[in-house]
Structure formats: structure tokens, C-alpha cells
Amino acid sequence: MDLATLRKILELERSKGYGDSAVLGGLDRYLQRWSSELPKNVLPTSYASLGIEQRVEWVEGMLHSLDKKKVKARSGPVRSAKKVKARSVPVHSEKKAAVNENLDAPIDTIKGLSTKLSPKFRRLGVETVRDMLYFFPRRHIDYSKRKTIAELGIGDEQTVIATVWQARETILGGRRSTEAIVGDESGNMRVVWFNQPYLSRQLRTNSQLVLSGKVSLFKGIKVFQSPQYEPLASEDLTHTGRLIPLYPLTSGLNPRMVRKLVKDTVDQWSPRLPDFLPEEVRGRAKLLGLPEAIRQAHYPESEQYKHRARERLAFDELFLIQLGVLSRRRDWKGGSAANRIEADSEILKIFLTSLPFTLTGAQARVLEEILADLAEERPMSRLLQGEVGSGKTAVATAALLATVASGYQGAFMAPTEILAEQHFLSISAILAKAGHEEKTEGSLRTFTSLLPRPITLGLLIGSMAQGEKKAVRRAISEGMVDIIIGTHALIQQEVEYKQLGLAIVDEQHRFGVMQRTALREKGPTPHLLVMTATPIPRSLALTLYGDLDLSVIDELPPGRQEIKTKWLDHEKREQAYRFLRKEVGEGRQAFTICPLIAESDFIDAKAALTEYERLSGEVFPDLRLGLVHGRLKAAEKEAVMRRFREGELDILVATAVVEVGIDVPNATVMLIESADRFGLAQLHQFRGRVGRGEHQSYCILIAESPSPEASERLELLEHARDGFELAEKDLELRGPGEFFGTRQSGLPDLKMAKLSDMKLLEVVRKEAIGLFNKDPDLSRPQHRLLKREVDRLWQDDTSMGEA
């Protein structure tokens with residue numbers, strides 16, 4: 001019989017994820033034909049009865065032997081099934097171990113990837129062979145559907161291949177930009193890139209480009225506005241007729257080189273990638289095998305295969321996250337008992353009456369949910385969502401007061417020192433209104449009248465003097481501090497609590513296993529409340545925060561002022577500057593947000609720096625400007641933000657670092673440049689930085705050339721005020737994990753999952769809960785590969801929260 005046919009069947013079985021579906025009736029039936037043709041010890045006793053791992057071992061072993069031409073047809077008696085099994089398994093087990101080891105080998109081991117290139121890939125997060133397999137394209141260009149310049153329509157996403165005739169720097173809308181004239185066999189056209197003057201030096205005359213984007217009309221002439229572009233080499237033209245991947249790049253990597261290295265890696269290694277998803281799960285969800293999904297994600301045979309690959313890989317991401325959060329929930333809830341905190345209704349009544357406002361219905365409901373949890377021996381693990389100004393701090397203070405009244409300590413952790421200071425001041429003000437401040441001693445404040453005894457509030461942050469920190473830590477350990485507010489310093493080894501009852505984590509989702517373990521080491525497991533002002537749709541919260549119970553303050557206090565929001569064309573930027581100057585002239589302050597034009601902090605900082613220099617040198621030379629961006633050290637950021645809060649700066653130029661940031665009641669203008677680059681939820685968060693004082697506040701959105709989708713987002717923001725409504729819409733509009741930066745959340749990154757895909761979310765959740773209920777430790781032999789993958793995905797969780 002023909003060995004080439006056998007090879008094709010085995011390759012098909014591999015591409016289908018070793019599901020015994022390469023031939024009708026299963027492989028065993030087909031392989032029986034070969035029982036008299038092949039040497040002893042080659043065919044399995046029963047392929048159908050093998051687990052996925054053993055199937056991978058056998059198929060890969062056979063293909064390896066066929067490659068080396070070690071399998072030769074023979075005549076002779078059929079071998080004994082018993083002998084075969086005994087003699088074939090050990091060899092493949094060793095080979096499998098080597099394969100796993102190689103998948104996690106450094107990228108330097110990839111053929112053709114030099115030591116000079118490896119640091120550039122590492123900059124993109126590609127450290128191992130496995131990382132390279134999961135280094136997915138940003139998008140694909142279908143060269144078979146490309147158009148000529150003459151065929152281009154207005155408004156649709158289109159691709160042309162054109163020659164650069166001329167490129168020059170120009171001024172467009174008051175910004176340094178690039179203008180190019182390109183052409184093909186059908187004609188010429190103008191291309192402009194706003195605010196990217198450096199392209200004029202990079203685009204060489206007579207070079208060919210692949211241009212993708214939307215065409216608009218300017219004075220009746222077609223113009224490509226800020227399209228995606230990629231240099232084209234003549235070799236790439238041979239790919240006509242298929243989908244070509246476009247990968248993320250960094251300095252020193254060109255598209256063709258990256259394509260070749262990734263393709264070689266995928267061709268060589270994807271067949272060896274064991275499929276960790278249990279066969280019954282894969283079958284019910286009708287998913288591709290993992291090797292096939294990886295191949296189709298990079299070089300899909302069609303749009304349909306590209307969709308199926310994304311579906312399988314998105315399922316994997318959400319499935320592994322679900323198993324991880326289910327495990328975290330069980331570990332926290334099933335650990336040691338917490339101290340029961342019984343709320344004293346009389347004390348709470350006095351406290352709530354002392355507030356200058358009445359709790360909204362939502363605040364009262366959420367407080368009841370928290371107090372009910374605190375009264376249980378099972379440790380609370382709750383996520384409290386509420387928009388800026390919804391009154392989370394008042395609810396948190398009531399919970400802390402209930403804790404102190406029961407004889408326990410409360411800890412309140414903020415992500416930054418300046419936020420910790422703000423919480424210290426605001427909770428001090430609340431307690432002072434409820435009673436009165438008796439004394440201040442360094443970073444300790446004592447208040448009387450609410451309880452039969454005084455309440456001591458403490459602050460612990462890194463910038464405090466060593467002697468002061470030592471005094472506060474001693475007071476905590478001796479039980480002299482009732483409520484301690486600070487950063488993650490609060491759970492460091494040197495901090496010992498006398499009796500910690502409640503830990504509150506504000507605006508910091510990076511609170512993983514290490515932090516929970518650290519809390520447990522402080523005594524009995526404390527109750528945990530995580531607070532966020534980011535509106536998270538319920539579907540997303542259940543998927544990504546399945547280990548936390550959910551409480552939502554979905555109602556703003558009456559009388560909360562509306563922030564007037566206006567979307568301006570970039571040509572009206574001068575008008576926005578005049579308005580900003582007017583507000584500053586009346587004694588107010590303003591934010592100017594620069595877009596994140598690339599993922600790296602370097603490019604982010606460079607963009608912010610350019611804007612800062614332009615505004616301080618050309619637009620507002622007489623005003624006091626400050627700058628914060630991702631490259632600054634934490635202490636430098638804190639210093640600039642503190643100066644802004646204290647009124648020493650008029651305008652703060654910043655990147656997204658202020659999304660969760662400072663409370664400056666005097667700031668009344670939020671000016672967001674290239675607002676079309678941000679998602680709705682993020683824009684809403686920026687907007688929440690103003691409107692915190694008595695003066696009318698404004699949010700101004702400026703966009704260069706927004707796509708129809710971005711225009712829809714900006715129009716929504718102009719008119720919508722409800723953060724949860726905006727968040728749900730953001731999920732619909734943006735799709736893949738862009739909605740909520742999972743890197744800041746302490747959860748694994750999402751590369752393929754669309755959090756707006758409710759159907760997939762429900763299927764994944766159902767499958768994960770079903771499997772977890774049957775085998776919570778993933779200890780069954782058939783789940784060994786899955787357990788390894790869950791462990792790998794969550795292995796960084798122990799280092800979370802050290803930001």
C-alpha cells in the first residue's frame with residue numbers, strides 16, 4: 001500500500017486535533033488494512049481507546065518515522081496486540097517530554113531567528129516557541145480582493161497596492177503631518193497621515209505600499225486619510241489570492257521577515273502542540289483541534305476558517321480564565337473561617353444621620369449586601385462597582401465602622417500614594433462630621449463620639465519617613481490603629497495586624513493569589529471588598545470576576561452636576577484652546593489627554609512629550625503646565641499630580657495614567673486629543689476626572705479622522721451619561737479584549753476573545769462549571785494537559801499587585 005496515503009491520513013488526523021475523525025468509521029478500521037504491511041510494534045492496539053496525549057504521541061511518532069523513511073512495508077504475520085503496546089509506549093513518552101520542553105524553549109532556538117532579532121521579539125512579548133505560535137496577526141489583508149485606485153469607493157474598508165511618487169511633510173489642521181502622492185496602473189491619488197510627520201522621511205520614492213483604510217472625498221477628490229500601510233516587496237505579490245497576516249511590529253522588524261519566521265515556526269511546531277481541551281468539551285462546542293486552529297489563525301484558508309480558528313482560541317482563553325477564577329473562589333471561600341462582624345445598628349444609624357446627604361436606594365441596598373456578608377463566618381469576596389460620585393467611599397466607611405465597632409481592624413488599599421492620601425482626607429472628613437477630631441499625631445488621627453471609645457485612623461505610604469512608618473506599623477501591631485489607609489505596603493511582611501477583619505481594595509484589580517495569601521498570613525482570613533469606578537457589564541464581570549460576588553451602585557445622588565460634553569472636529573482645536581484659556585483665567589484648571597498611539601511606553605511617552613512641548617512653547621507659553629506619562633517613575637508621577645492637585649499647575653498634559661487618578665475639584669475642563677483612539681468606557685472614565693467641585697465642568701473630544709464606528713462612539717458619549725449603558729455599547733462596538741485592559745486587571749491577556757459574544761460566554765461558562773464540579777482539582781488523567789495549561793496561564797498571578 002502507498003505510504004504517502006498513510007501520511008496524508010495521519011496529517012489530516014493531526015489537523016483535526018487527534019479526534020479520530022480523519023476517516024469515516026475511525027482510524028482503527030483504516031489501520032487494519034496496514035496490519036500485514038508494516039513492521040511489528042508500529043500500530044496501536046486501539047487508537048480509539050487512547051487518550052489525547054497518547055494519540056499525539058503515536059501520530060507524531062509515525063509521521064517522524066515516515067519522514068525519516070524508517071517505516072517500510074513488509075509481508076508477514078500480523079503482530080500480537082499485547083506485544084505492541086508494551087514495547088511502543090516508553091519511546092513515545094520520552095519524545096513527548098522533549099516536545100513539551102522544546103515548546104517552552106527560548107525563541108533563540110527557532111531556526112533562522114538570530115540572537116540579534118530575539119530581543120526585538122521579546123519587546124513584543126514573544127519569549128518562547130509557544131509564544132511565537134500564539135503571536136497572532138493584528139489583521140489580515142485579502143490580496144485577492146484588492147482594488148485599483150480607479151475602483152476605490154467612498155467609505156468602505158479597501159486595499160490597494162500603489163507606488164509612492166512623492167512624500168512630504170505638511171501642516172494639516174495646525175499639526176505637522178505627512179502627505180503623499182501614490183499611483184497604480186489605473187491612476188494617482190492623495191494620501192494624508194495626520195500628526196505623523198516622520199512618515200515623510202520613511203516613505204521612499206518608487207517604493208510600493210499596501211494601503212488599507214477608508215477613502216473620503218475632499219473638494220470632490222478621493223483621499224486616503226491616515227490609512228494602515230505596509231511596505232511591499234515583490235515576493236509578497238506571489239501571495240495574491242489568499243489572506244496575508246499583518247503582525248505587530250517594533251523597530252528592527254519588517255513585515256516580511258516576521259511573516260516568514262512565524263510561518264516557519266507554525267509549520268514546524270503547531271503539529272506538536274498537544275490539545276489540552278477535553279475531547280468531550282471540544283465535541284460539544286464543535287471546535288477545531290488546537291494545531292489546526294493555530295495554523296488557520298495565522299494563514300487561514302478562507303474567512304470561514306479564520307472565524308473558526310478565532311472561535312476555538314477565544315473559547316480556550318475564556319475557558320482557562322473561568323477555571324482559574326472558579327478555583328480562586330473556592331480557595332478563598334473554602335479556606336480558614338473569617339471573623340464574624342455583627343453591625344451595631346444604633347452606631348450605623350448615628351453615622352448615616354451625620355452624613356450631609358441621605359444614602360441613595362442603591363447605596364443602601366449595597367451596604368445591606370456587604371453587612372450581610374460580614375456577619376458570616378465564610379470570608380466575604382465582593383466586587384463593588386459604582387461610578388465616580390456614586391458614593392462608594394461612604395458605603396466603604398460604613399463597612400469599616402461596623403468592623404471597628406465589632407473590635408476588629410480595617411485596611412483600605414489604594415493603587416497610588418496620592419489616592420491613598422485622598423481617601424485618608426475624605427474618610428477623616430466623614431468621621432469628623434460624625435463626631436469630632438480629638439488629636440493628630442504624625443500620620444495618625446483620632447476621632448471621638450461615634451463609639452464608646454475613640455477611633456484612630458492611620459496612613460501608611462512609601463514616601464513617609466522611615467521613623468514615621470515604623471511608628472505607624474507598631475501602632476497597627478499593637479491594635480492602636482482601627483482603620484489603616486495606604487498602598488500595597490499594607491500587606492507587606494513588616495506590617496502585622498492585631499486583628500484584621502476587613503480589607504478594602506480600591507481601583508486595583510491586580511489583587512491575585514499572592515495578595516490573598518499575604519492577607520491570610522495576617523491572621524484569620526479577613527473579609528475582602530474590591531471597589532472600582534469602571535463600569536463592567538454583568539456578562540464581563542461574571543466571566544472575568546467569577547470569584548467575586550457582585551454589588552452595583554447604579555444610581556447617582558440627586559443634584560449631581562452634568563458634565564457638558566462636546567465633540568469637535570480637529571479644525572476647531574483653536575476654539576477649544578480659547579475656551580480652556582478662559583476657564584484657567586477664571587481660576588480653574590484643565591487636563592489635556594494624549595492618545596496611546598502604540599502599546600509601548602516609549603512611544604506613549606514620546607507622544608505626550610511632543611504635545612507638552614508644543615502646548616507649553618507655542619499655545620500656552622504664559623501658563624503653568626505639567627506632564628505625566630508611563631515612562632515616569634512612580635514618585636515623579638506622584639509629585640506632578642500632587643502639584644496639580646494643590647493648584648501649582650494650570651494644565652496637566654497626560655496619557656491614560658490619569659484614567660484612575662486624582663481628585664481635583666478645581667479642574668473643570670477635560671480635553672481629549674484623538675478621542676477616536678479610545679473606547680467608550682475609557683473616555684467616560686476620563687470625563688469623570690472633572691465635575692467634582694462646585695463649578696460647571698466640560699469634556700471636549702477632538703478627533704482627527706474618526707472611522708464610522710469611532711464617530712458612533714463619540715456621538716454616544718456626547719449624549720449618554722450612564723456608564724453602564726456606555727460600557728455595554730463599548731463591548732458591542734469594540735469586541736476583542738480592548739474593552740477592559742486585562743493587563744491592569746490581574747487576569748490573563750485576551751488575544752482572541754470577544755467579550756461581547758454572549759453566546760460563547762454562556763457556552764464557556766456552562767462547560768467550565770460542569771467540568772469544575774466533576775473534577776475541581778483537574779486531577780483525572782484525561783485532564784492532566786488541561787491542568788498544565790491552567791497553571792501556565794495563571795502562573796504570573798503570584799506576582800500581581802506589585803505595581
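How many bridges join strand E9 to strand E16, and in which sense do the two strands run? Five bridges join strand E9 (residues 381-386) to strand E16 (residues 527-532), and the two run parallel. The structure is a predicted model, in which local features need pLDDT of at least 70, side-chain atom pairs count only at pLDDT 80 or more, and totals for chains, interfaces and linings use all residues. Residues are numbered from 1 along each chain as its sequence is written, and side-chain values use heavy atoms, with hydrogens and water left out.

**Confidence**
- The protein chain has an average pLDDT (the predictor's confidence in each residue, from 0 to 100) of 81, and 83% of the residues score at least 70.
- Over residues 72-100 the pLDDT is below 50, and this stretch has 42 contacts (heavy atoms within 4.5 Å) in the model beyond near neighbours in sequence.
- Residues 735-746 also stay under 50 in pLDDT, and the model has 43 contacts for them beyond four places in sequence.

**The nine-stranded sheet**
- Strands of a sheet pair through backbone hydrogen bonds, either parallel or antiparallel.
- Nine strands form an open sheet with mixed pairing, in the order E11-E12-E13-E14-E10-E15-E16-E9-E17; two strands pair if DSSP finds at least two bridges between them.
- Helices (H or I, at least four residues) and strands (E, at least two) are DSSP runs, numbered from the N terminus.
- At the edges of this sheet are strand E11 (436-441) and strand E17 (549-553), each pairing on one side only.

**The six-stranded sheet**
- A further open sheet has six strands in the order E18-E23-E22-E19-E21-E20, with parallel pairing.
- Strand E18 (564-569) and strand E20 (625-628) stand at its edges with a single partner strand each, so one side of each has no neighbour in the sheet.
- E20 is joined to strand E21 (residues 651-654) by four bridges, and Leu-627 stands opposite Val-653 in E21.
- Helix H22 (residues 680-687) lies across E18, strand E19 (589-593), strand E22 (667-672) and strand E23 (698-703), at about 150° to E22.
- Helix H23 (residues 708-719) lies across E18 and E23, at about 150° to E18.

**Strand E5 and its partners**
- Strand E2 (residues 157-172) pairs with strand E5 (residues 208-218) in the antiparallel sense over seven bridges.
- E5 is also joined to strand E7 (residues 228-232) by five antiparallel bridges, with Gln-228 in E7 as the bridge partner of Ser-212.
- E5 and E6 form a hairpin with two residues between them, and Lys-219 in the turn has a positive phi of about 55°.

**The second largest pocket**
- The lining of the second largest pocket has 37 residues, of which Gly-389, Gly-391, Thr-393, Asp-663 and Arg-692 lie nearest its centre.
- On a 1 Å grid over the protein atoms alone, a pocket is an open set of points where a 1.4 Å probe fits, with protein on both sides within 12 Å along at least five of seven lines; lining residues have an atom within 4 Å of a point.
- H15 (417-434) gives the most to this lining, with eight residues.

How values were computed. Axes fitted to C-alpha atoms, helices over the stretch in contact; angles between N-to-C directions.
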